[in-house]
Amino acid sequence: MPDSNIEIDLSSSNYNHHVNSGAELIQREAFQTLRRQIRKDLDQADTRILQDNGQHSGANTHVCYPHGSGLTYFIDGTRGAGKSTFLNFTYEHLDKRQQGTIESDAVSVKPLLYLDPSRIESSEIVLLHILKHLKHLMEGCSHRGQDWGKQQEVFRDLFKQMAGGLHLFVSKTESLKDLDAELFLDYGLDRAADSQRLRHLLHQTIDLVCKVHNTRALLVAIDDADTKFAQAIEVLECIRKYLDTPQMVVLLTGDMEMYSLLVQNHFQQDFASDDKGFSPDRKMQQTRMVAHLEEQYLLKLFPIQRRVQLKTLHTLTERKRKDSKPGAPSSLPEFVIKRPGGDDAVTLLDGIDDIATSGLRLRDRLDLDLFREHVLKLPLRSVLQLLSSYYQLSNGGNASEREAAAEALRATALSSLYRHDIDVESIAEGDLHAVINAAFDLCQLDGEPDTAIYLRPQSRDATLRNAYVSLAADVARLCEHDPAKAITYMVSMAGSSNILHLVTVKTTQKSRAREAGDARDESTRQRKVKQYLSVGRKDNALNWALHATAALMGASATSGLQLRQGIIGVRTSSKSGVLTFDNSITNALKANPKNLYPAIAFSQSAVKSPSNTQRYLSIFNTLGLISNLLDFDNIDRDEDDIHKQLLKIMSVQTVSMPNWDEDANTETDEAEDDNNGVPTGFIELGTHIKNWLAACQALKLLFRPSAMLMGKIWNRLYFSLDNISAAMRLSSYDNVRCGKAMELFAWALINACLVEEVDYHHRADKSKREALNRRNPRTSGTLVIKKLQSPDKSDAEGGVDVTPAMAPLTFMIATCPLVLGLIKQEDETTSFISCLNAKLNTAKIPLKIPDSALCSANVWDQIAKTEVSK
């Protein structure tokens with residue numbers, strides 16, 4: 001690494017690390033700026049003395065400086081910004097020449113006192129600490145010339161004279177109240193004289209010590225005075241009244257916002273006992289004048305040119321990036337981190353990117369930059385402890401990189417998580433539903449229903465940004481290699497957020513006729529939606545889908561055909577010669593007994609309202625069933641349970657229609673089925689599903705999702721389903737509307753996974769983002785088929801050769817018999833099966849999909865005629 005680089009030792013991130021050289025000082029630029037300003041101010045003070053008194057520099061005569069002549073420098077930074085480390089380095093190195101600089105860069109100051117008022121008792125007097133160190137500095141002087149004895153005598157005399165003035169810091173009023181009036185007057189006059197002389201005597205003492213040590217000024221460093229409110233004003237007043245000499249350089253750290261509040265409160269208290277009876281106008285005037293006093297007080301004490309702002313790591317690294325030009329490397333230093341355990345150093349940005357890719361499973365450059373910006377804008381202490389914790393956990397063998405990142409980010413955001421009443425303990429224990437509940441609640445606080453579900457650190461609220469990042473890491477941790485959990489998270493969090501928005505819009509429109517709703521209405525509505533959709537409860541994606549089907553249809557504000565957002569209402573009564581769904585299934589099986597049992601039957605559910613029970617076909621039911629099936633790991637042992645899952649949904653489960661004006665009912669009933677036997681084609685379908693699940697075990701190992709990916713898939717799926725539903729309501733599809741709509745819903749599901757996985761699914765290689773056609777299917781699946789074809793095909797869409805490693809969830813969905821069974825068997829779709837088989841074979845995934853997995857044309861045509869409800 002070049003010498004100009006700044007090396008950060010993460011092993012010392014938990015305490016104020018003693019920085020030995022500028023090569024380790026993160027705020028190196030601020031130190032250089034401060035040093036130049038102090039040197040300039042000392043030069044100006046010497047020049048002013050010569051002009052005002054006609055003296056020669058170094059003359060042995062004390063100058064009485066006017067009030068306000070002090071050199072006080074304020075080092076401004078938030079909590080954890082590195083103020084203490086910076087102050088300690090400046091205190092020890094301001095008078096030393098830095099490596100690589102010229103001798104004249106050193107400032108002629110003598111360190112006198114490093115004080116942390118928060119660590120001393122409230123009864124202690126700050127000025128006494130300064131006098132004590134003046135005495136110690138005088139007695140410890142090694143430059144004792146021929147005038148040493150005389151200088152010692154003068155010093156002791158000055159100290160003796162100052163003793164009277166120091167009585168001012170102790171109230172004597174109570175002990176003197178019984179004195180004779182003349183004695184009280186004499187004592188008071190003596191104290192007044194001491195008060196006037198104390199500042200002058202202190203300045204003489206400081207001047208004498210400077211001459212003895214042959215230095216231009218003494219250096220006092222005061223750290224974190226604003227953390228102890230009672231001492232903070234005393235420190236400021238001590239500086240203002242007594243240390244206002246250019247021979248005393250005072251460095252003070254703190255948060256200017258905090259000092260502003262302290263000073264304002266100090267002046268406000270002076271008015272507090274006298275504002276009774278004030279009119280509102282006079283109180284406003286008082287508030288305005290207090291603000292004016294506070295502003296001018298701080299400007300006098302800390303002039304703007306003597307304030308040093310400690311910049312965040314984001315500002316420092318961004319300046320280097322902007323300073324870099326092609327062919328001309330930046331002259332600004334690079335930040336490198338020395339990892340615990342003596343590993344090779346890596347750049348700071350690479351270390352943060354490691355957490356983003358290994359922990360949050362981010363891939364898109366924009367998301368990586370957003371995460372990097374979020375982390376770098378955190379207080380310096382938080383950044384260093386985050387990196388230190390991550391490397392210690394991951395390198396120590398106690399946790400994987402993914403787990404280490406999640407734990408480190410959770411610890412960093414702990415106060416933000418507690419502030420929003422998040423069950424941190426359950427999340428740490430691996431409770432996915434606690435994550436879902438927390439993410440859902442935070443997304444509602446953010447107020448953006450479409451993008452908040454990505455858990456990006458974009459909110460205006462800093463606590464939300466911190467919590468989002470922590471939860472995103474836990475989503476990646478809990479869903480890795482587990483598509484069932486990923487789908488459950490997607491629908492329960494993102495899907496429920498979307499439904500809440502729809503319900504809010506509909507109920508708000510209804511309430512306009514009465515009165516505008518208040519915050520309590522919103523809270524009650526959110527509670528009811530969560531209760532109905534089981535957000536935060538230990539439930540599965542299928543149960544969510546059953547209730548979401550009812551909720552989406554109930555929240556619909558449009559009339560006409562019941563065909564909305566991936567859901568189709570079908571007739572169950574054969575009155576007026578209507579072809580019902582049950583009759584369509586029966587007729588199809590009788591005419592084609594050798595075919596698989598129709599997959600569309602596994603998308604059924606029913607919704608019970610006070611007047612009737614409505615049957616629906618829903619792609620969400622299919623997706624929920626897929627999620628439940630993917631939860632099985634031991635296929636042979638769980639074969640009976642797999643059949644039970646299929647038979648359960650085939651028997652048409654019923655839920656109650658939600659009424660958001662009443663308590664939501666989340667009960668699920670299972671309809672009675674008169675036919676207890678296994679239907680034709682069911683066993684064959686079960687065999688196909690078993691083979692598919694066996695192949696999914698290999699695909700699961702390739703699955704590394706992120707909260708971003710699952711949020712993106714949901715948004716694309718939802719809006720694609722909405723557009724398809726709108727198109728399918730047209731009269732031109734009357735004869736095939738039911739079958740065609742469900743087929744397009746299946747293509748929309750495959751397409752949503754495909755497009756977003758290509759862009760956002762984590763990959764080990766950092767290859768360039770490929771260009772894939774991002775359009776959604778609307779009237780046909782041809783577009784999706786072309787996207788999956790190899791780029792060498794003449795009619796392929798885009799130049800991406802999509803593989804199972806690139807898009808494992810896409811292949812799990814696209815090869816599922818429950819999805820393929822919704823698609824009509826034709827030449828084009830048969831070629832789609834061939835394409836999938838070729839890609840699976842190349843990836844050595846043990847699955848060969850038969851063409852019979854598609855819905856035969858005869859069965860499809862029969863079911864497609866089912867009447868859609870109005």
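Which residue forms a salt bridge with arginine 365? Aspartate 353 does, with the closest N and O atoms 3.8 Å apart. Aspartate 353 lies in helix 11 (residues 348-358) and arginine 365 in helix 12 (residues 365-376), so the pair ties together parts that are 12 residues apart in sequence.

This is a predicted model, in which local features need pLDDT of at least 70, side-chain atom pairs count only at pLDDT 80 or more, and totals for chains, interfaces and linings use all residues. Residues are numbered from 1 along each chain as its sequence is written, and side-chain values use heavy atoms, with hydrogens and water left out.

**Terms**

A salt bridge here is a side-chain nitrogen of Lys or Arg within 4 Å of a carboxyl oxygen of Asp or Glu. Buried means under 20% relative accessible area, exposed means over 50%, and partly exposed lies in between (1.4 Å probe, protein chains only). Helices (H or I, at least four residues) and strands (E, at least two) are DSSP runs, numbered from the N terminus.

**Salt bridges**

The structure holds 29 salt bridges. Side chains of opposite charge can pair when their charged atoms come close.

| Pair | N to O distance |
|---|---|
| Arginine 79 and aspartate 224 | 3.6 Å |
| Aspartate 353 and arginine 365 | 3.8 Å |
| Arginine 402 and glutamate 480 | 3.1 Å |

Take arginine 79 and aspartate 224, whose side chains meet in a salt bridge. Arginine 79 sits in the loop between strand 2 (71-76) and helix 2 (83-93), and aspartate 224 in the loop between strand 4 (217-222) and helix 7 (229-242), so the bridge ties together parts 145 residues apart in sequence. Arginine 79 is partly exposed at 33% relative accessibility. Aspartate 224 is buried at 16%.

Back to the opening pair. Aspartate 353 is buried, at 10% relative accessible area. Arginine 365 is partly exposed, at 40%. Both belong to a network of salt bridges that also links Asp369 and Arg372.

Next come arginine 402 and glutamate 480, which also form a salt bridge. Arginine 402 lies in helix 14 (residues 401-412) and glutamate 480 in the loop between helix 18 (462-479) and helix 19 (483-511), so this pair joins parts 78 residues apart in sequence. Arginine 402 is buried, with a relative accessible area of 16%. Glutamate 480 is buried too, at 9%.

**Helix 2**

Helix 2 is mostly covered, with 10 of its 11 residues buried. Among them are Lys83, Phe86, Leu87, Phe89, Tyr91 and His93.
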